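Have the coordinates open as you read along.

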Amino acid sequence: MSQPSIDQLVIAISSRALFDLAESHRVYEEEGLDAYQKYQIAREEEPLQPGDAFSLVRKLLHLNDLLEESPVEVILLSRNSADTGLRVFNSVAHYGLDISRAAFCSGDSPYRYISAFNSHLFLSTDGADVRQALELGVAAATILPSNTSGTQQELLKIAFDGDAVLFSDESEQIYKDGGLRAFTDNEIEAVDRPLSGGPFKPVLAALQQIQMAFPVGEAPLRTCLVTARSAPAHERVIKTLRAWNIRIDESLFLGGLDKGEFLQAFDADIFFDDQEAHCDSARNHVATGHVPHGVLNV
């Protein structure tokens, strides 16, 4: 039986999110551009160590090995020049990552190429670039320094916060203005009115499409909603996903509990959240991307 057609998920990632460039960046900050260029060229045959998003990218690209179509493409976006970026591309080859397209911008922000590459998701360590990508309507997250080395299992697990990430920030605005009681009353009153989509709705939809290309129960990919919501505010979320015709594998309604240990129990390869406090907790357990979107990031 032929597999259903899959719209390719295109992910743009910065070189500092994919590889550990901390020492290189220290040379740049302390000794300047010329020293940095010499440092990178002298070490261009020395592979860089994996960065905080490396495990995620490796597992996403592995999906291409399992399907007739290639459902994922990864684009490298970098502030390096092509000259200093040669070490990055050599590292890509060293780890066997199927990445062939790139933009090296010699110090300028590469965000302007995100739409040109038809990217659905942008991952970077530069918060300003991430905000500009979100303004372009592209899902984006700032990859934070993490205390984890990535999961060793082959199963890819991606976790998302709800409001201002998968969903719009409309309910979060009510919570900010009126508190928990106003938020809860609104969610009960609007229970049958689906929430609008947030920046990561298209990403979740694309991941589900990839899952559906595998036999039922055999997809090497699981998704999880990890939200501070609890009953009765959970019902609107469930009905929203139903209205979108999007299925999520696991849903955790934590009622304000710390998310970190739950993400560790899920064994997430990455977690996306709009609130910095949640991200600070999560990154002690799993790779984490801060989504600077919504009323709590104004």
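## Cysteines

A disulfide is a pair of cysteine sulfur atoms within 2.5 Å. Keep that cut-off in mind for this predicted model, because a search of the whole structure finds 0 disulfides.

Take Cys279 to begin with: the closest cysteine sulfur to its own is in Cys224, 15 Å away, which is too far for a bond. Looking from the other end, the sulfur of Cys224 has that of Cys279 as its closest cysteine sulfur, again at 15 Å and too far for a bond.

And are these residues buried or exposed? Cys224 is buried, with a relative accessible area of 0%. Cys279 is buried as well, and its relative accessible area is 0%.

## The sheet

Now to the strands. An open sheet is built from 10 strands with mixed pairing, and their order is S3-S2-S1-S4-S5-S10-S9-S6-S7-S8. At its edges lie strand S3 (101–104) and strand S8 (250–253), each of which pairs on one side only. On average, neighbouring strands of this sheet are turned by 25 degrees against each other, direction ignored.

Let's zoom in on one pair. Strand S4 (residues 121–124) and strand S5 (residues 139–143) run parallel and are joined by 4 bridges.

Methods:
Residues numbered from 1 in each chain as written. Predicted model: local features only at pLDDT ≥ 70, side-chain atom pairs only at ≥ 80, totals over all residues. Heavy atoms only, no water. Buried < 20%, exposed > 50% of the residue type's maximum accessible area, 1.4 Å probe, protein only. Pairing = 2+ DSSP bridges. Helix = DSSP H or I, 4+ residues; strand = E, 2+ residues; numbered from the N terminus. Axes fitted to C-alpha atoms, helices over the stretch in contact; angles between N-to-C directions.
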